[in-house]
Amino acid sequence: MSSHAADGSANDPTLRRRGLEYWSVLLQRRWVVLASVAVVVATTMIATFFAEPEFEATTTLQIDRQGPDILTFRDVVGVDPSYAAYQDFYQTQYRILESRSVLRLAAERLDLPNLPSFATRRPSPIARFVAWLKSPLGDDDATAADPLLPSIRFLEARMRVRPVRNSQLVQLIFTDRDPVLARDAANAVAEAYLQFNYDKRYGTAAIAREFLTKEVARVQGEIGDLERRLQEYSTKKELLSLSQGTEDISQQALASMNESFVQARTRLAIARARWESVRNAPPESLPEVLNSPLIQHLRQQYAEIERKHTLLAERFLPGWPALQELEGELAQARERLEIEQAGIARQVRATAEAEYGKARGEVEGLEAQVVTQKTEVQRVNRAAIEFASLRSEIDNKRKVLGDLVARQSQTQSSERLKDTGTSNVRIVDLAEVPERPVRPRKSVNLALALLLGTALGVGMAILLDYLDNAVKSELDILRVTKLPVLGHVPRFRSLRLVEGDAPAPDDEPAPATIDLASHADPRSTFAEAFKNLRTSILLASPERPPRHIVVTSCEPQDGKSTVATNLAIVLTQQGKRVLLVDADLRRPRLHRSFGIGNEAGLSNVLSGNAEAAEVVQTTEVPGLSLVCSGPIPPNPSELLGSPALATFLRHADEDLGFDHVILDTPPIASVTDPVLLSSSLDATIVVVRAGKTSREALAHSVERLKHSRARVAGAVLNAITDEIGSYYYGRYRYESGSATESDAPSTSKRLSRRFRRHARSSGRT
């Protein structure tokens, strides 16, 4: 199941598209990634080159939880066998190794302040800066009070403790630029730790011995006082006849009586229950009656007579002599059975009552004896309680004294082990002078620099792309507007449009070159993109292809006029008659694309100064006619919102016979003209320029169209870069600058299904 899920994720078009978009972002911002890698690698290599080599010296110690078991008794410093104590012990030892007490001993052993390799050492710039920061905080006073403090800090900063996994070994690693000093420092710290551990172990034993000597003398004096008090109390209370045996006999007698009393009460409860169960029970329900051989025999006779009576009663009438004789025998058998049952029941009840009375008398007698014996025991205990207390205290003191004397002797023996030099810490390997430096590691630093620089560059590229608010892909459009993307138009060198009458820059193609590209080279990548757009538009309506199409954009210079013109051209390539209308009555430009004058056009028709047939002009593209904007009116919105536009479109459909009318309108963010047109026509296409149109402008424009109940067919992603275009047009094979639509049928079918579904949903809404 997981493998299927993984395959599904790998084949998800959305994930592939997102991955290609991230790759496109990295390609577009590759210089950011390369610059980041170059800076990090250069900085790392410079720092590595100027870094001073450092050497490591390692001393290996073995730390046992307890020393050699020379003595059989437990030492003063005990060992807890639990696992938690095991962990705590070794963590404690590691901290002791790093403690200032051990490092102070090591500095004294090395005579570090007077060592030339240390005394003449000049700190690094960073160390000097840190020292300068600490100087106002009283650090100099601390150094003056303790001359060894700089040496201790030096050892503390350059030494580290590394336990050897699954063993009792510990490595002391000292790092320094002087290999000889590194060796001497590692060995000195190890020897200082041995001395610290040795002094702690046997110093504790000496303190314990002195303490135990004082405690033995004190306990002996207390025992003498208690014995005198016991003797005086025995004489005063005349307790000489009181013995342990008397106390035991009294208590044993009481225990025996209590046991007999409990057993008697148990027998009383059983006898009473027996008496209660048989006193009012029917005779025939008693076990003695049920198990009596006589009763069983009588019941068999009664059953046999009853069987014969039943057989005759089935054959003869009630008055038949033989039947009457059997009825008499049956009555006699029943009467005898009842008499025998009653007799046995009386005997059972009498026996149970006698046993109950006997048990009750026994309980009453034992209860009186128990009360008497309790009184006797209490009297004896009251007389002996003070005597027993004093005697118990003396016994406890004697026991404590015995333990103290034994422990005193053990401690003295343990202290004498000091002369043998035994310890639980041993040096396994002394440090030697290292031959090679451990830092800097050039290859590792280079690899880390490459990795860090690449990660930093990728992160910066993605961050810059995230901060870029422009729409860059189809996913951006889907996330912002939920509109389907009808087509993707690649960048035609540069799709920037010429505003007004200003001439185009030298490095940009003229508007006519861009707008008529689908006519000039129908097999180019640019033309194939508009053919896919044509397929999506024709399938956008669930009933019939849209006839009146509004082409608009969010902002100026998004390429709406280029999209409108090339869409009209590819529609004519299917044999359609298409009328291209320049509905931008503020900044028209289609007349320049076709090289036609703009003396008369749409504004003349809408104002009633001309007929539709008078302003329709033919173009160099077969099947494509053009209606220019005409003179720029003072009130474009009023003209486009008037009923004259509907009359013009109806005349173009019915009288002039055009299959499609495409209206090029101003940007939505600037004016309300496209909103007015979109609310009444068949379909609206929003042109979005990749890398330029902002997400806020796109969302605001689409929201305005939806509020006006416009029939928005979808969006066109314009001016796609080469990286993004490699994804959207990777299914085509190109030869000598022209395109062969090898996968176009499958692509068209896929687009057809997608936009047919969108059209059905749009029609329902």
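Arg 589 is buried, at a relative accessible area of 6%. Here buried means under 20% relative accessible area, exposed means over 50%, and partly exposed is in between, using a 1.4 Å probe and protein chains only. This is a predicted model, so local features need pLDDT of at least 70 and side-chain atom pairs count only at pLDDT 80 or more, while totals for chains, interfaces and linings use all residues. Residues are numbered from 1 along each chain as its sequence is written, and side-chain values use heavy atoms, with hydrogens and water left out.

**Salt bridges**

What does Arg 589 pair with? Its side chain meets that of Asp 515 in a salt bridge, 2.1 Å from N to O. A salt bridge is a side-chain nitrogen of Lys or Arg within 4 Å of a carboxyl oxygen of Asp or Glu. Asp 515 sits in helix H17 (residues 511–515) and Arg 589 in the loop between S7 and helix H21 (590–594), so the pair ties together parts 74 residues apart in sequence. Helices (H or I, at least four residues) and strands (E, at least two) are DSSP runs, numbered from the N terminus. Asp 515 is buried too, at 0% relative accessibility. Elsewhere, salt bridges with shared partners join Glu 54, Glu 56, Arg 160 and Arg 439 into one network. By this rule the count is 20 salt bridges, and three of them are listed here:

| Pair | Closest N to O distance |
|---|---|
| Arg 479 and Asp 476 | 2.4 Å |
| Arg 158 and Asp 176 | 3.5 Å |

Arg 479 and Asp 476 are three residues apart in helix H16, which puts about one helical turn between them. Arg 479 is partly exposed at 45% relative accessibility, whereas Asp 476 is buried at 4%. The buried residues of H16 (residues 474–481) are Glu 474, Leu 475, Asp 476, Ile 477 and Thr 481. Just after H16, Lys 482 has a positive phi of about 65 degrees.

As for the remaining pair in the table, Arg 158 is partly exposed at 27% relative accessible area, and Asp 176 is buried at 0%.

**The eight-stranded sheet**

Eight strands make an open sheet in the order S5-S12-S11-S6-S10-S7-S9-S8, with mixed pairing. Two strands pair if DSSP finds at least two bridges between them. S5 and strand S8 (617–618) are the edge strands, each pairing on one side only.

Is strand S12 buried or exposed? Nine of the nine residues of S12 (residues 712–720) are buried, so the strand is largely enclosed by the rest of the structure. S12 pairs in the parallel sense with strand S5 (residues 485–490) over four bridges, and Gly 487 stands opposite Val 716. Six bridges join S12 to strand S11 (residues 683–689), again parallel, with Thr 684 partnered by Val 712.

Lys 706 is in H27 and is partly exposed, at 43% relative accessible area.

**The four-stranded sheet**

Another open sheet has four strands in the order S2-S3-S1-S4, with antiparallel pairing. Strands S2 (159–163) and S4 (425–429) are at the edges with a single partner strand each, so one side of each lacks a neighbour in the sheet. Five bridges join S2 to strand S3 (residues 169–176), and Arg 160 has Ile 173 as its bridge partner in S3.
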